[in-house]
Amino acid sequence: MRRFLLLAIPLLVLTMALFHFVQEMAGTAPDAVRLARGAGITLPGWVMLGTWCLEAMGLTALFLLIYRRESPEGRGGWLAGILTGWIAWVFRGPLLVVAAVGLGGLPAGPWWSLAFSWWILYTVCGVVLAGLSGLLP
């Protein structure tokens, strides 16, 4: 379990950072001005790193809960990984979009494209966790 945690959390943080790097290089990174009305706010790097660490811990904990419940014998890592990514995405994707657009009165278009990119990210993170599930006892 210790080896899994020591590898999973940094690997997920690296996956999230790499995903955002690729988005910026491809020119598809979210534009804060398009997401909010008026000028956007740019977060400092340490805030982004802290957010990725928190997300990585949450995804790992959710994966372990699903993995143990799904298969007491230790099988079913791929299903647990995909479920983990998609469950996390529901809260970060559509529910956040509905809250931002409905309650904040923000434009819906950019938020839905951002939610789709988060679906890709969380699916990849789930696959990463599934790949590491072989380290679990």
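Start by selecting helix 5 (residues 94-104) and helix 6: their axes are 9 Å apart and the angle between them is about 165°. The model is a predicted one. An angle over 145 degrees counts as roughly antiparallel, and helix 5 and helix 6 are therefore roughly antiparallel to each other. Look at how helix 5 passes helix 6: the crossing is right-handed. To see the contact itself, show the side chains of P94, L96, V97, A100 and V101 on helix 5, then those of A108, W111, W112, A115 and W118 on helix 6.

What sits over the ring of W118? The charged end of R92 does, 4.1 Å from the ring centre.

Next come the aromatic pairs. The whole structure holds 4 of them. Select F4 and F63, a stacked pair with 5.8 Å from centre to centre and 25° between the planes. F4 belongs to helix 1 (residues 2-26) and F63 to helix 3 (residues 45-70), so the pair ties together parts that are 59 residues apart in sequence.

Now move to W86 and W119. Their ring centres are 6.1 Å apart and their planes lie at 25°, so this pair is stacked. W86 is in helix 4 (residues 77-92) and W119 in helix 6 (residues 108-132), which makes this a link between distant parts of the chain, 33 residues apart. Colour the two by accessibility: W86, at 38%, counts as partly exposed, and W119, at 29%, is partly exposed as well.

The last stop is A80, which is found in helix 4. Its relative accessible area is 0%, and A80 is buried. Which residues does A80 touch, leaving out those up to four places away in sequence? They are F63, I66 and Y67.

Finally, draw a distance from the C-alpha of A80 to the C-alpha of L129. The value is 8.6 Å, although A80 and L129 are 49 residues apart in sequence.

Methods
Residues numbered from 1 in each chain as written. Predicted model: local features only at pLDDT ≥ 70, side-chain atom pairs only at ≥ 80, totals over all residues. Heavy atoms only, no water. Phe/Tyr/Trp six-rings, centres within 6.5 Å; stacked < 30°, edge-to-face > 60°. Helix = DSSP H or I, 4+ residues; strand = E, 2+ residues; numbered from the N terminus. Buried < 20%, exposed > 50% of the residue type's maximum accessible area, 1.4 Å probe, protein only. Lys NZ or Arg CZ within 6 Å of the ring centre and 35° of its normal. Axes fitted to C-alpha atoms, helices over the stretch in contact; angles between N-to-C directions. Parallel < 35°, antiparallel > 145°, perpendicular 65-115°, else oblique. Left-handed = near helix turned anticlockwise from the far one by under 90°. Contact = heavy atoms within 4.5 Å.
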